[in-house]
Amino acid sequence: MMNPVLRREAITTMRTWKTYGALVVFLAISAIGAGFFIYVSMFQNYDLSFDPSLMVYLYVVLAAVQMGLVLLTAPAIAAGSISGERERQTLDLLLVTKMRPISIVMGKMLSSLAYVLLLVVSTMPVFAIAFYFGSISMLHVLQLMAFVLCSACMVGAISVYFSCKFKKTIVSIVLMYLVIGVLCFGTLLLLAFVYLSSYQIFQGEVPLLTTIVILLPNPGVGFFSMIDAQLGSNITGSLLAYSDQTGPILVWAAEHMWLLNICFDAVITVLFIWLSARAIDPMRESKVKSKKVQKVSKGK
Amino acid sequence: MLEIRNLVKQYGRFLAVDHLNLQIPKGSVYGFVGPNGAGKTTTMRIMAGLLPATSGCILLDNMDMIQQPRLLCSKIGYMPDFFGVYDNLKVTEYMDFYAGTYEIPYRERGEIIDNLLELVDLSHKKNDYVDVLSRGMKQRLCLARSLIHDPELLILDEPASGLDPRARVEMKEILKQLQTMGKTVVISSHILPELAEMCTELAIINHGKLAAQGTVHDIMKQLQQKRIIRIKPLGAVEQTVAVLRELPAVGEIYENIQDIEFEFTDTEEVLSDILKKLIEAGIPIISFGEKEGNLEEIFMQVTGGAEI
């Protein structure tokens with residue numbers, strides 16, 4: 001049986017003009033980005049020549065626009081999921097039913113992701129422009145979609161957790177954007193700080209492991225690493241500048257930051273879904289109590 | 001049978017429910033009465049599995065509702081004092097959604113929804129959007145929602161609040177039907193005379209404690225120390241008062257425009273003697289009887305005049 005929350009969300013979401021409005025805006029930004037790139041690359045040089053190999057950068061621009069839009073859209077959708085139920089006074093009505101808190105949270109998460117998936121899939125025709133010039137493969141696009149959806153899952157799960165914890169949707173949204181800011185820019189600032197003070201901390205060069213650990217949660221770095229791997233430019237490897245003495249596992253990790261980032265997203269998603277389910281479970285306290293009572297009675 | 005044993009709910013130093021003990025017979029319509037903050041809603045939320053109790057237990061058919069809320073959620077229907085509805089959802093879709101949350105198979109839902117909408121007189125609105133229904137209709141729809149899984153016990157937190165008189169009468173009729181269907185209904189309300197009409201038993205709660213429990217008649221009997229006897233003579237009011245003043249069992253006498261009331265604390269035999277004396281004095285009596293107690297007066301007396 002389909003998750004009832006997901007089913008209801010699908011019905012109500014597709015009945016409001018806001019859904020289609022957001023889709024139009026999303027597609028318009030992607031299409032304008034693509035159009036602008038083509039205009040600049042084809043008509044702004046002196047001899048009006050056109051290099052089809054440059055079209056690979058259209059894919060990069062579109063992928064970056066898509067990633068940025070998803071990171072902005074997912075919190076806006078997911079951060080109101082549980083607090084919206086609370087504002088409508090329908091959360092209690094859900095909690096007294098047979099549905100477990102984890103099913104309610106999963107229903108909310110999946111409905112948010114379904115919309116993000118719709119946004120991502122709807123941009124496929126724009127990506128098709130890059131296909132026309134043969135600069136990328138279908139596998140690259142599917143890889144990109146998987147990465148974007150994993151990032152959306154992570155952002156969505158944290159947003160749903162904030163939504164469980166805070167009564168006002170706006171508080172959850174603002175906090176989530178702060179978290180995204182910390183993940184994208186805070187980690188870079190932290191890395192810069194570590195590099196600047198490397199002499200005091202590490203008495204010399206910053207270990208590669210430290211760099212990887214700091215950059216691991218950064219969705220931007222993961223995205224850049226994936227595009228880098230797809231284009232075969234190996235910019236990530238040069239930036240991380242590992243020496244010959246570096247172990248093969250660390251080298252592999254540095255070259256596959258996007259895979260590590262996907263793993264990080266998966267762990268965070270599972271953790272925050274579990275925390276969200278705990279946060280809305282009204283009987284959590286009494287469950288803990290009954291477990292304690294059972295332990296005491298077993299001890300006797 | 002539903003039994004509440006030594007139920008305690010504490011918020012910091014504030015005791016919202018203070019060692020509450022209640023027994024609610026199966027098939028009864030049980031009223032919870034109390035001023036604001038008395039602990040009615042807290043008790044109901046604990047019963048519905050929405051709030052953990054600090055201590056104590058609630059037994060439904062000898063199963064602890066606090067320890068096994070998941071097992072019992074299919075036996076309980078809960079309607080809070082607000083009606084949470086979703087925008088952009090039609091009445092049947094709203095009911096279908098809650099049928100899904102109780103894992104009712106798709107093929108059975110149509111008939112159940114039609115029957116429930118008929119029960120709450122909303123069949124003609126089944127294709128309307130929920131958010132455009134009137135307050136009374138939304139309240140009735142919420143009642144239908146709480147019945148979607150055919151629960152044994154219905155917990156209704158102030159179902160008549162904010163409704164106009166007509167909608168209240170309609171709600172009352174539905175509750176009567178539920179009683180005939182054999183459901184155990186626990187209901188709280190501020191409209192005390194209405195609650196007295198609907199309920200087979202009542203509990204008056206104040207400061208989280210049980211102040212009185214039983215049928216309306218029993219509670220009145222327990223709490224009314226003085227009985228008020230009302231006599232309606234055909235004219236001859238002054239003569240009646242004069243005769244009553246001579247009788248030692250008669251307490252304070254109140255002369256109204258059309259009748260006379262007096263306080264009385266003695267036995268039924270003495271009361272019949274009073275009637276005999278009045279007739280012997282040649283006073284034409286139209287009616288002679290005990291004045292029905294006013295539930296709200298009793299409520300104010302029990303709760304020490306707390307805000308209703």
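Leu7(B) stands opposite Leu20(B) in strand E2 of chain B.

Guide: This is a predicted model, in which local features need pLDDT of at least 70, side-chain atom pairs count only at pLDDT 80 or more, and totals for chains, interfaces and linings use all residues. Residues are numbered from 1 along each chain as its sequence is written, chains are lettered from A in the order in which they are written, and side-chain values use heavy atoms, without hydrogens and water.

Visitor: In which order do the strands of the open sheet in chain B lie?

Guide: Strands are DSSP runs (E, at least two residues), numbered from the N terminus, and two of them pair if DSSP finds at least two bridges between them. Here the order is E2-E1-E4-E5, with antiparallel pairing. E2 (14-24) and E5 (63-64) of chain B are the edge strands, each pairing on one side only.

Visitor: How is the size of the interface between chain A and chain B expressed?

Guide: The size of an interface is often given as the accessible area lost when the parts come together. Buried area takes a 1.4 Å probe and is summed over both parts. Chain A and chain B bury about 3,200 Å² between them, 60% of it on carbon and sulfur atoms. Leu93(A), Val96(A) and Lys98(A) supply 22% of the area that chain A buries against chain B, more than any other three residues.

Visitor: How many salt bridges are there between chain A and chain B?

Guide: A salt bridge requires a side-chain nitrogen of Lys or Arg within 4 Å of a carboxyl oxygen of Asp or Glu. The count is 3. Arg15(A) and Glu93(B) meet in a salt bridge at 2.6 Å, N to O.

Terms used:
Buried area is the accessible area (1.4 Å probe) that two parts lose on being put together, summed over both. Helices (H or I, at least four residues) and strands (E, at least two) are DSSP runs, numbered from the N terminus.
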